[in-house]
Structures are given as C-alpha cells and as structure tokens.
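Work through the exercises below with the sequence and the structure side by side. Try each task before reading its solution.

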Amino acid sequence: MNYLEVANSKLMLGLCASVVIFVLIQAVLFIKVSWKRGLELGIKPATMKKAMTNAAVFSVVPSLPIVVMLMVLTVNLGQYFPWLRLSVVGSAAYENMAADIVSKASGLSGIADPRFDLPIFTMAMWVMSVGIIWGIVFNIFFMKSLDRFSKKVKGSNNRFIPILSSALFIGMLSLMSAPYITNAENITAIVSFASAAVTVLLCGQVTKATNIRIIDDFSLPISLIVGMASAIVYTSIV
Amino acid sequence: MLETSDNDRALVFDNTINRLGRVTSIISLALMITVPLTVTIFYNIDVNAGEVAAAAGGLIAMFAPMAVIENISYYSIIGAGGVYLSCITGNIMNMKLPSAISGMKLACVEPGSAKGDIISILCIAISSFVTVLVLAFSMLIIGEYITPYLSKPLLAPAFANIMPALLGALVVPFVVKSIKLSVTPFAVSIVLCVTLGGGFVQRYQSYFLPVVMLMSVLAAYMMYKSGMLD
C-alpha cells in the first residue's frame, strides 16, 4: 500500500484533528480561568480584550511562513500529519530535520526519495512525535515546583523583585538580538531590526501626540510589517 | 485580613493553573503519541523500537537539555500558565513570547508579576488559536491558492527577517525605558557574538541564555544595592 494513501486517509484526519481540537479546548480553558483571575486582580476587561486582539492580529503574520512550510511538507508526508505537527509543538525547521534524519537512517537520500514507504513514514511519525516533547515532559514533572519556589521568593515582598524580572527579560532579549545586530554580513537583518524599532517608538510618540490609542494598540504588528517590508525595500535597492 | 484572602486567592489560582497545565499536558502528549501508535497497530507495521530510539536519540540529546533551560528562562517572563500553553503549541520565540511581551506592554503590567502572568496566558492562548486556525484554513482551503504568492522571491527577505524585526520592536522600547539595566546584558551578548561569532551563539543559544540572564541579574542587583536605580 502506498504510504500516501494512509497519510491522506480519514483515519489520519481523525487522529490529527483530535489533537488539534484538544489544543483549542485547552486554550479556551486557560482563557476562562485567567480571565476570571484577571478580573479579581482588577485588570479591566477592556485591557484584557485589547491585549488579546493585539495578540490575534500580530500572530497572523508569523503564521504565514508556517503555511508555506506546511505546503512543502505536505508533498512528501501527506496532508494531515504535517498539519498536526505544525499546529502543535513542531516548528518548520524541526519537522523537516526529523523527517530527513529518519529517511537517511533508513538508507534513503531524503524524504523525497521514491523508496519512502509506509514503514519509514510510520517511523518518521514516531521520531517527529517523540523528539520534541521534552518541554512538555519537563512541565508535567517540574513546572509546579518551579512555580512554587519562584512564588515563595517573590512573596518576600522585596523591592528588588520587579527589577529582577526586568533584568531576566532584557538578558534574554539582548542575547537573542545580538547575533543580528553584530552581523555586518547581513545588513538586511540590521535594517529590519532598526526600522521595526523606530516604528514602534514612533507609534508610541504618535499616540501620545494625537491620543489615537489604536496606533499604539497595534504597534507590534505594525512594526513587524514595517520591519519586514524594509527588508524587501533594502534587498531590491542593493 | 484582606491581604490573607488575596494570598489565598493567588494560591488557588496557581494551583488551578498548575493542575490544568499538568492534566492538559498529559492528555495532549497521550493524544500526540496515539497518532503514530494507531497507525502502527492498525496497519500492522513492524516498527523497530531500537531504530526509532537511534534516530530520535540525536534529536532528544539536542532538544531535551534545551527544553529544560528554555522553559526555566521563559517561565521568568510568561509564568507557569504561559509555559504550559506555549510548549504544547510551539513557535515560542517567533510568536508566543512576542505576543505576550507586547500584550503586557499594552496592559502596562510587568513581566513576571501576577497581572503579567494573566495577560501572558490570554495572549498566548489567543496566539495559539490564530495559528491553529490559519493552518487549518490553509490545509483545507486556501493553502494551494496563497502558497504561490507567499513563496514569491520578492517576499523571501521579508520572511527571512521576521525575527530581527520582532526583536527590534520588542527590545528597543525597553532599552529606552531602562537603559541602566540594559547596558550589561547587551555588552555581554555583543562581546559573545563578536568573539565567538553570531552563528555559534545562535546555535547554542539555549546554553548562553542562562549565563547572560544571570549576569544581567547580578549587574542589576549591584546597581540596586548601590542605589543607582533609585
């Protein structure tokens, strides 16, 4: 039997859809519990809605490259399994790498090899599924203890705690940014970084000057698109 | 008295989130494993566990330590609920973390605070929803039509630069606001990239993360103690 018949079967659709549907249910449950707690903490419903709308609008743009990757993976792995993998833990790069490792371990040249068959496809599903679950496993066993410990430290009501959070935050973002801003060979990335930065600051200023809140409310998606667009502009000029 | 009841409520919420996080993580994990398992049994395929372990071994050796370090690092910013959710839906760096950070900025709450954790959960849950819906739509209907447009060479530099654009938008407002806290981590990160190469730092980012975060905290603590942050 051709593995693609299995990969595109109703059974596969059902299996994959059940995971995706559960993930949506999980998101709804978390929203429900957190919304209630947010009200308790005195966060205005309008504020929560605003943050959520911003997240929704913003998330469309980084989802687009995943769509492209989905279509690429679909050619060799069928419609449903790549859809599942990219909807849950997977990232585009990881899924490709995992599938590639399996095909090479089975003596093929890659996932596009015509000898790719049902046993290899099944093995690829296994490897793709178990290779990247460790963040979830860690959470199941250790997140509660980490949370308890951290809350205990924070409970000491120390004035340093907010500074600590900021320091951790900027520590992470500075390490993530540095490879882009120090790479003189990839000026396009520096242009994107700088133009997105300028845009986000401008959004703040414009909002202050005009009092049109909506500009600042969507400053992240706006800056992201300006940053990406300036990469196109820069590449076409140079 | 009021304070005790506030603390009690906080505790109740923390317990609820951890319970919800654990239970939903276990169910998602079980469902994910059910996919290959069902196919293996249903089509009676002889899968060699040794071969799977050998092929997955390299990936596990690479991703398991990263997962531990990253989750602890992410926790400090998006809280337990945020980490439970984003580990299941993935795309943390390029989507979940930015949407949470931006949401917290909009709501004027600090990362790592009780309110910050709530906003993070709401933003990450919505972000997961959007990705899942966009992918479902793409798979079922629009994928074939929009892929030719999205794969146009003209757009390639835009998609290749999502990360720097995101980081520029997230980092710079913070640096402007807290320049003193930003100096040390940026100096350390830039020195690392210049001496070791940016590619190397990116490849082993998970291992450099705790180092830089720790140095950032130490510098902040010294400034705090010496009254420089007042």
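**Exercise 1.** Determine which pattern chain B follows along the sequence.

*Solution.* In this predicted model, start by counting elements: chain B has nine helices and zero strands. Then read along the sequence, which gives the pattern α-α-α-α-α-α-α-α-α.

**Exercise 2.** Describe the extent of chain B and the share of its residues that count as buried.

*Solution.* First take the C-alpha trace along its principal axes; the spans for chain B are about 70 × 55 × 40 Å. Next apply the cut-off for a buried residue, 20 or more other C-beta atoms within 10 Å of its own. By this test, 49% of the 230 residues of chain B are buried. Finally, consider the contacts in chain B with a separation of 6 or more: 65% of them join residues 24 or more positions apart.

**Exercise 3.** Locate the domains of chain A and describe their contact.

*Solution.* The domain assignment gives domain 1 (3-132) and domain 2 (158-237) of chain A. Their centres, taken over C-alpha atoms, are separated by 28 Å. Five residues from domain 1 of chain A and six residues from domain 2 of chain A form the contact. On the domain 1 side, the residues divide into three nonpolar, one polar and one charged.

How values were computed: Residues are numbered from 1 along each chain as its sequence is written. Chains are lettered from A and ligands numbered from 1 in the order in which they are written. This is a predicted model: local features need pLDDT of at least 70, side-chain atom pairs count only at pLDDT 80 or more; totals for chains, interfaces and linings use all residues. Helices (H or I, at least four residues) and strands (E, at least two) are DSSP runs, numbered from the N terminus. A residue is buried if 20 or more other C-beta atoms lie within 10 Å of its own, exposed if 12 or fewer, and partly exposed in between; C-beta atoms are placed from the backbone. Two residues are in contact if their C-beta atoms, placed from the backbone, lie within 7 Å. Domain bounds come from an automatic or database domain assignment. Ala, Val, Leu, Ile, Met, Phe, Trp, Tyr, Cys and Pro count as nonpolar, Asp, Glu, Lys and Arg as charged, and the others, Gly among them, as polar.
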